[in-house]
Amino acid sequence: MIIFGALFLACSSFVRVASAQSVFAHFMAQNSYSYAVSDWTNDMTAAQAIGIDGFALNIALADYEVSKMADAFTAAEALGFKLFYSFDMSYSWAQSDMVSLVVNHATSPSAFLWDGKVLVSTYSGESLGDSFWSSFKSTLASQGVNIILAPAFTSYRDPSDANGLLSTFPSIDGFFNWWSWPADTNTLMTTDTDLAYQSAISSRTGPYIMSVSPWQFKNIDGSGDWVELSDTLWNYRWQQAVNDVKPDIVEIVTWNDYGESHYISDINPNVNLGSQAPFYVDGFVHSNWRDVARYYISYFKKGTVPTITKDEVVFWYRAYPKNIVCSTGTLPRNSNFPADAVFALAMLTSPATVQLSIGSNTVNMSAPAGLTMGSVDFPKEDHQIPYVALYRNGALVADIHGSKYVDQTGCTYYNFNPFVAALTT
Ligand SMILES: *[C@@H]1O[C@H](CO)[C@@H](O)[C@H](O)[C@H]1NC(C)=O
């Protein structure tokens, strides 16, 4: 009986390993140029604190980034943190460099395995064709490393192309849907793409990886200037993940892509952000978005609504209304999509009134226990700062002002990246 029981346990835990729901964050290795092992350790510790299992290492170049990977694995191994490569195929990779990188770290205890094989992902790479990917896999196999390939072939977004993906790419085992923002539309995104590709790839052995992102705004000459409707994305996209899609893996896009404004890490002052991103990143902290992630990561992994033990209201807002004329930078594509408002996500232990105010505008929302999304429109008055207060039974529990003003004049650079703060208790 005991032997039978142990065998049964071993088998069932093997099945769970193959299908365990994990959460990774997309990490831009480009930003590790000045990293010491301690910078990796700090990032990984902050990620682990909210339940993130590991980083998908977006590696773009076979130079300094490759040497930084040794540090990343050193830090990860000490923390029991997981890593897998997400080759950024918008850069020209020699296949042999990719192979050696995977081989170098394949036996690390921090290499993330799917079905006992090393998971490898990408950003793009479909233009290389299946022959490239099949030879990548067979070369690795000939060196004793079996992989599960789950790429983000970004031109596959239309749900009707999902079956074509499989017939065009016999070599892929899983799929990473990069798209986690509305596609240049002023409407909320749906799960149509997720469900179509999740269903298609279920005939293969690899994971369906769903991206979940808080924001999208970029304003860099020659590299893009756009904003996507992201006002409430960080709440409803997670709900899609936990309620509707339930993917094998959630990949948060991103941990540290400052230039596209979807970072949830602290802003590391050692990272060189180039000449323009600092105009819209410096001072625009996002750290409290991790508090939202912590809730939903627990929800995703356990499959049950988490118990909130401490009241919190996370809020975010842009520093300028969308119609303001700025002296430099470019008015981004889709600039009319975002609402001129302060957005707040109340995470409450029990019902309360949440006051959202800015200038002459106030919204009092009557919020139940759990999560409630609200907003208050920017006021007419110039140079106003948001105020958030929590009342219960008529008594003030806690309040806070934002620490960045919303200005109607004096804009020096087009900036649609929000400032994130939180009322905590
Ligand atoms: C909002 O609630 C606060 C606290 O109860 C109250 O002082 C304020 O008058 C209310 N404002 C509006 C516009 O309802």
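The largest pocket holds about 850 Å³ of space. The model is predicted. The lining of this pocket counts 39 residues. The second largest pocket has about 250 Å³. The largest nonpolar core has 120 residues.

**Largest pocket**
- Met28, Gln30, Lys218, Asp257 and Glu260 are the lining residues nearest the pocket centre.
- Three elements each give at least two lining residues: β1 (22-28), α3 (64-79) and β9 (217-220).
- By class, the lining has 17 nonpolar, 13 polar and nine charged residues.

**Second largest pocket**
- Helix α10 (residues 289-302) supplies four residues, the largest share of this lining.
- The lining includes Asp291, Arg294, Tyr295 and Ser298.
- Pro306, Thr307, Ile308, Thr309, Lys310, Glu312 and Met347 also line this pocket.

- In soluble globular proteins, nonpolar side chains tend to be buried together.
- Ile52, Phe87 and Trp238 have the most contacts inside the largest core.
- That core lies between domain 1 (18-302) and domain 2 (312-424), because both give residues to it.
- Leaving aside residues up to four places away in sequence, Trp238 touches Val23, Val212, Leu233, Val250, Ile252, Ala293, Tyr296 and Ile297.
- Another core, of 18 residues, lies apart from the largest one. Among its members are Trp114, Met189, Ile209 and Ile249.

Technical notes
Residues are numbered from 1 along each chain as its sequence is written. This is a predicted model: local features need pLDDT of at least 70, side-chain atom pairs count only at pLDDT 80 or more; totals for chains, interfaces and linings use all residues. Side-chain values use heavy atoms; hydrogens and water are left out. A nonpolar core is a set of buried Ala, Val, Leu, Ile, Met, Phe, Trp, Tyr and Cys residues joined through side-chain atoms within 4.5 Å. Buried means under 20% relative accessible area, exposed over 50%, partly exposed in between (1.4 Å probe, protein chains only). Domain bounds come from an automatic or database domain assignment. Contact means heavy atoms within 4.5 Å. On a 1 Å grid over the protein atoms alone, a cavity is a set of points where a 1.4 Å probe fits but cannot get out, and a pocket is an open set with protein on both sides within 12 Å along at least five of seven lines; lining residues have an atom within 4 Å of a point. Grid points are joined across faces, edges and corners, and a volume is the space filled by probe spheres set on the points. Ala, Val, Leu, Ile, Met, Phe, Trp, Tyr, Cys and Pro count as nonpolar, Asp, Glu, Lys and Arg as charged, and the others, Gly among them, as polar.
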